[in-house]
Amino acid sequence: MATWNSRGLRGSTLEELINRTNEKYRENGLALIQKIPTPITPIRIDKEERHITLAYFDQKSTVDYIGAVQGLPVCFDAKECAQDTFALANIHEHQVQFMKEFEAQGGIAFFLIYYSHRDEFYYLPLAHLEYFWDRAKNGGRKSFRRDELNPEYFLPKRSSVLVPYLDMLQKDLDDRPED
């Protein structure tokens, strides 16, 4: 029998917070962001309980969320971290590749990291992730420490929005070099 603290339930609270934030942004006409379900093929279904008991993933997932903010294409992935060190093994090569291709098409890609033990959210621009990614590929650390992050990208606490990432999206845009 599965327990409530099983691996499969990790991130479900984070996902719910982001979903509620996205709903608030939609209601206010600021953004239209949707959760992308991971495609699965059911193998075994419990007909009495009416739920899937065994399945496999059809394909590699790309990102958790995709949509538009004021006409700007946006995609992001949400990750939860229970310590001050984030293992890059939590991010997959195909995700980084998809995000690079997404930005090459004029979109913005980023990661939202929730440091659960600190109750802090961090907006990690793709370019910042690429620095850590390349460092690992070149034989460096296979993780990054919280203290290596740009402190300006920690999300502010707001009573009106649970995960106020749009402020950091604007900062990301402002910090990008002019074309």
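Buried here means under 20% relative accessible area, with exposed over 50% and partly exposed in between (1.4 Å probe, protein chains only). By that cut-off Asp77 is buried, at 2% relative accessibility. This is a predicted model, where local features need pLDDT of at least 70, side-chain atom pairs count only at pLDDT 80 or more, and totals for chains, interfaces and linings use all residues. Residues are numbered from 1 along each chain as its sequence is written, and side-chain values use heavy atoms, leaving out hydrogens and water.

**Annotated site**
- An unreviewed UniProt entry puts its "binding site" annotation on Thr62, Asp64, Asp77 and Gln95; such annotations may be inferred rather than shown by experiment.
- Those residues spread over 34 residues of sequence but cluster in space, with a largest C-alpha distance of 9.9 Å.

**Asp77 and Asp64**
- Asp77 sits in strand β5 (residues 72-81); strands are DSSP runs of E, at least two residues, and helices are runs of H or I, at least four, numbered from the N terminus.
- Not counting residues up to four places away in sequence, Asp77 touches Thr62, Asp64, Gln95 and Met99, among others (contact means heavy atoms within 4.5 Å).
- Asp64 is in the loop between β3 (51-57) and β4 (65-69), and is buried too, at 19%.
- The backbone nitrogen of Asp64 lies 3.0 Å from a polar atom of the Asp77 side chain.

**Helix α3**
- In α3 (residues 126-137), the buried residues are Leu126, Leu129, Phe132, Trp133, Arg135 and Ala136.
- Their cover includes α2 (93-104), β7 (108-115), β8 (120-125) and β9 (143-145).
- Gly139 follows α3, with a positive phi near 95 degrees.

Terms used: The expected span of a helix is 1.5 Å times one less than its number of residues. A polar contact is a pair of N or O atoms within 3.5 Å; within protein, one must be able to donate a hydrogen and the other to accept it, and residues adjacent in sequence count only if both atoms are side-chain atoms.
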